[in-house]
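Here are a few friendly notes to read alongside the model. Take them in order, with the viewer open.

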Amino acid sequence: MKRSLIISLLAALAISSAAVGIARADEASHYNVAIWNPITNAYPVTGTMDLSFHPGGVVRGYYHPAGLPSFIPITGGRTGNRIWLTIGLYGSWQLNGRFHDGKITGSAIDEHPSLDNNVGKFGVPVALVGAAPIYSFVATPH
């Protein structure tokens with residue numbers, strides 16, 4: 001009786017561990033990310049993100065702008081295939097997306113758009129003065 005109970009518990013544990021492994025199999029913790037204006041396709045902001053997925057849907061990580069040795073904090077959350085991220089200490093970028101085939105795609109809102117064509121956003125020039133602060137983004141695992 002004890003033996004069958006132990007075997008049953010081990011089998012249940014193995015199945016639940018396998019289910020967790022399957023749920024996380026298509027996720028990467030390191031992504032190449034590009035954010036661009038969908039109207040002009042001009043001046044994409046690029047870099048990489050390191051994300052950690054925690055219990056309860058909490059997401060934390062860092063954004064690294066292309067060509068700069070910066071660690072910009074990321075906070076966010078995840079429910080199912082939906083994810084939302086805030087990049088920057090003051091919420092400079094808000095990303096809302098969905099996981100699809102290992103990628104994350106969606107929209108991004110620049111909460112502090114540049115007022116000067118020569119000002120860089122995370123080190124990349126953004127010359128979209130007067131444009132809507134809504135962008136598209138894609139994050140691909142690397």
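The points below go from the whole chain to a few side chains.

1. This is a predicted model, in which local features need pLDDT of at least 70, side-chain atom pairs count only at pLDDT 80 or more, and totals for chains, interfaces and linings use all residues. Residues are numbered from 1 along each chain as its sequence is written, and side-chain values use heavy atoms, with hydrogens and water left out.

2. Helices (H or I, at least four residues) and strands (E, at least two) are DSSP runs, numbered from the N terminus.

3. Of the 142 residues in the protein chain, 32% are buried, meaning under 20% relative accessible area with a 1.4 Å probe, protein chains only.

4. Now for the rings: there are three aromatic pairs, counted when ring centres of Phe, Tyr or Trp (its six-membered ring) lie within 6.5 Å. One of them is W93 with Y135, edge-to-face (planes over 60 degrees apart), at 5.1 Å centre to centre and 70 degrees between the planes. Because W93 belongs to strand β6 (residues 93-100) and Y135 to strand β10 (residues 134-141), this pair ties together parts 42 residues apart in sequence. Both W93 and Y135 are buried.

Terms used: Buried < 20%, exposed > 50% of the residue type's maximum accessible area, 1.4 Å probe, protein only. Phe/Tyr/Trp six-rings, centres within 6.5 Å; stacked < 30°, edge-to-face > 60°.
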